[in-house]
Amino acid sequence: MATFATSEQLLVIIDPGARQTDGESVRIAKDVLSAGAAAKMCLPDGPEEFARALGRRGSRRPVVIGDDHALVRAVTLLHRERELTGCGLSVVPVGETSLAQSLGVPGGAVAAARTVLDGTERRLDLLIDDSDGVVLTELSIPPTRVSAPALSARPWYRTLARTLTARPARLASVPSPGASRLRVEVDDEPLVDLGQPVQAISVTPGAHGLAEVEVRPLSVGAEATPLRALGRTVTVTGPDFRYRADAAVSGPVRRRTWQVAEGAWGLVLPSV
């Protein structure tokens, strides 16, 4: 862990979404940071300018003022530049910030800005997939099951419902809406195969370089016991599937592998 002196120079990148969502919180954060350190403010107009500003930070420590998407964007860019190891990142959450707060970043502009100045860098694990994407907190496959009223509004579902009603003998052989048939391997060992429909899969960076994997099989009647495993690599294969990584949905893909990168990135959090 590393602590920082207030004399250190900062590059404060203010995401355009933050300026539109809560300009007052942005102003407060700027005032606190400028009063406590030599801070250069950067106001990019979009993702390309955001990337250029981060790439030209030099010796300045980067501070992102923005939502969860801005945080993930910054970590992804630093990873793809292969500069995560030597770069401690700070964030002042503005907008949708459940991800940042789940990592331990204070929610208020004043508290978060003071953490930038007085906090401690902590090294955190993340997941890196085979397309060079990153996952900071959680990966889920598939997304939460769609409720029955929403499904019933779709013409194809009404047709399926009529078909199932007309043929009750085949009901048990048809997976319920939201179920998937996917093969999940943890460190090359199968946890669940295509023959078992599943309701949900979650993967989170755990501790000591291991991912925590949970698979919830589809259950008829009593709730099925979740299947759990720990491992350094997780591979999911099967029919086209989408997945939620932190704040974004990706896919469809037919195969994706995630690997844990232990202590891969640094985030400045309140000192204990």
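In which strand is T237 found? T237 sits in strand β14, which covers residues 233-245. Helices (H or I, at least four residues) and strands (E, at least two) are DSSP runs here, numbered from the N terminus.

Before going further, a word on the model. It is predicted, so local features need pLDDT of at least 70 and side-chain atom pairs count only at pLDDT 80 or more, while totals for chains, interfaces and linings use all residues. Residues are numbered from 1 along each chain as its sequence is written, and side-chain values use heavy atoms, with hydrogens and water left out.

## The chain as a whole

The protein chain has eight helices and 15 strands. Of its 272 residues, 44% count as buried. Buried means under 20% relative accessible area, exposed means over 50%, and partly exposed lies in between (1.4 Å probe, protein chains only). The chain exposes about 13700 Å², and carbon and sulfur atoms supply 51% of that area; the areas come from the Shrake-Rupley method with a 1.4 Å probe, and for residues only the protein chains shown count as cover.

Contacts, meaning heavy atoms within 4.5 Å, can also be sorted by sequence separation. Among those in the protein chain with a separation of 6 or more, 68% are between residues 24 or more positions apart.

Helix α2 (residues 23-36) has 14 residues and reaches 20 Å from its first C-alpha to its last, close to the 20 Å expected at 1.5 Å a residue. That expected span is 1.5 Å times one less than the number of residues in the helix. The buried residues of α2 are S25, V26, A29, V32 and L33. Seen down the axis of α2, these residues fall within an arc of 135°, so they line one face of the helix. The arc is taken over the directions from the helix axis to the C-beta atoms. The partners they pack against are β2 (9-14), α1 (16-21), β3 (38-42), β4 (61-66), β5 (88-93) and α6 (109-118).

Helix α3 (residues 47-55) buries F50, A53 and L54. Viewed down the axis of α3, its buried residues keep within an arc of 95°, so they too line one face of the helix. Their cover includes β2, β3, β4 and α4 (68-80).

T237 is buried, with a relative accessible area of 14%. Leaving aside neighbours within four places in sequence, T237 is in contact with L182, R183, L194, R254 and R255.

The structure holds one aromatic pair. The rings of Y243 and W258 have their centres 5.2 Å apart and their planes at 85°, so the pair is edge-to-face. Rings of Phe, Tyr and Trp (its six-membered ring) pair if their centres lie within 6.5 Å; planes under 30 degrees apart count as stacked, over 60 as edge-to-face and the rest as tilted. Y243 lies in strand β14 and W258 in strand β15 (residues 248-269), so the pair ties together parts that are 15 residues apart in sequence. Strand β15 also contains P252, and a cis peptide bond with omega of about 5° joins G251 and P252.

## Loop residues

R57 is placed in the loop between α3 and β4, and E83 in the loop between α4 and β5. Not counting residues up to four places away in sequence, E83 touches R57 and L78. With the same exclusion, R57 is in contact with L11, P62, L78, E81, E83 and C87.

R82 is found in the loop between α4 and β5, and its phi is near 60°, a positive value in a residue other than glycine. H208, in the loop between β11 (198-205) and β12 (211-217), has a positive phi of about 60° although it is not a glycine.

Here is how some of these residues score on accessibility:

| Residue | Relative accessible area | Class |
|---|---|---|
| Y243 | 4% | buried |
| W258 | 1% | buried |
| R57 | 9% | buried |
| E83 | 34% | partly exposed |
| R82 | 56% | exposed |
| H208 | 66% | exposed |
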